Amino acid sequence: MAQSFPPPSDTSSKVELSVSCSNLKDLDYFSKSDPVVFLYIKRQMDWVKLGRTEVINNDLNPKFVTTFKIDYQFEEIQNLMFVVYDVDDKHHVEDLSKQELLGTMECTLAEIMAAGEHLTKSLGLKGTPSGKITIQAEEVQDSKFIVNFELSATKLEKKDFFGKSDPYIEIAKSQEGGAFTVVYRSQPIMKTLSPRWPAFE
């Protein structure tokens with residue numbers, strides 16, 4: 001799910017950025033906001049989109065699975081902007097005129113790398129705080145190995161009041177500081193206590 005960018009040089013290192021948010025504004029009337037994060041980098045005078053996360057439904061404290069792979073240029077200032085939207089039209093996520101702004105945060109990639117385990121900053125919305133965003137960075141190397149997973153469960157505990165549970169799987173990896181970052185989240189299997197999830201890699 002990571003999004004890749006141009007190859008590194010001798011004065012750069014490839015890093016992977018993971019994103020989470022907390023205490024986002026609730027802009028929906030009958031449910032919670034459905035956040036997505038867009039990442040931009042400044043090229044000369046323009047902001048260029050590098051990619052976006054997945055949309056997470058009904059969550060004011062989302063932990064996104066989609067990561068961003070970017071080359072950390074040691075000798076350059078790389079200005080980044082993280083923009084969080086509440087998605088109102090899931091069929092046209094890229095059309096930002098159909099979404100509601102939840103907040104923005106600007107920083108440099110060097111600031112993220114120097115922060116240690118993670119960088120947490122306030123999101124701004126029209127000059128006022130609008131929740132927080134946390135960025136975790138990890139240096140990565142390309143691997144030629146692919147791991148395939150096939151997972152199932154049996155006799156899970158029933159959690160829904162009127163029916164069976166709708167289970168899903170999250171897989172997290174340990175960061176250098178000991179914190180865990182979600183790297184995979186399956187789709188839920190509806191109304192079953194003995195789910196078998198589709199194979200993934």
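**Figure 1. The second largest pocket of the predicted model.** The volume of this pocket is about 440 Å³. Its lining comprises 14 residues, and those nearest the pocket centre are Val 55, Ile 56, Arg 185, Ser 186 and Gln 187. Sorted by class, the lining consists of six nonpolar, four polar and four charged residues.

**Figure 2. Strand β2 and its pairing partners β5 and β3.** Of the nine residues of β2, seven are buried, so this strand is largely enclosed by the rest of the structure. Seven bridges connect β2 with β5 in the antiparallel sense, and Tyr 40 has Met 81 of β5 as its bridge partner. Strand β3, residues 46–52, also runs antiparallel to β2, joined by six bridges; here Ile 41 stands opposite Val 48. Two residues lie between the strands in the β2 and β3 hairpin, where Gln 44 adopts a positive phi near 60°.

**Figure 3. The largest nonpolar core.** This core contains 27 residues, among which Leu 17, Leu 80, Phe 82, Ile 112 and Ile 133 touch the most other members. Elements contributing two or more residues include β1 (12–22), β2 (35–43), β5 (79–86), α1 (109–114) and β8 (128–139). The largest share, four residues, is supplied by β1.

**Figure 4. The surroundings of Ile 133.** Leaving aside residues up to four places away in sequence, Ile 133 touches, among others, Val 19, Cys 21, Val 37, Phe 82, Val 84, Met 105, Leu 119 and Leu 123. Its contacts also include Ser 20, Thr 120 and Lys 121.

**Figure 5. A second, separate core.** Eight residues form this core, including Tyr 40, Val 83, Tyr 85 and Val 87.

Terms used:
Residues numbered from 1 in each chain as written. Predicted model: local features only at pLDDT ≥ 70, side-chain atom pairs only at ≥ 80, totals over all residues. Heavy atoms only, no water. Core = buried A, V, L, I, M, F, W, Y, C linked by side-chain atoms within 4.5 Å. Buried < 20%, exposed > 50% of the residue type's maximum accessible area, 1.4 Å probe, protein only. Contact = heavy atoms within 4.5 Å. 1 Å grid on protein atoms, 1.4 Å probe; cavity = no way out; pocket = protein on both sides within 12 Å on 5 of 7 lines; lining within 4 Å. Points joined across faces, edges and corners; volume = space filled by probe spheres on them. Nonpolar A, V, L, I, M, F, W, Y, C, P; charged D, E, K, R; others polar. Pairing = 2+ DSSP bridges.
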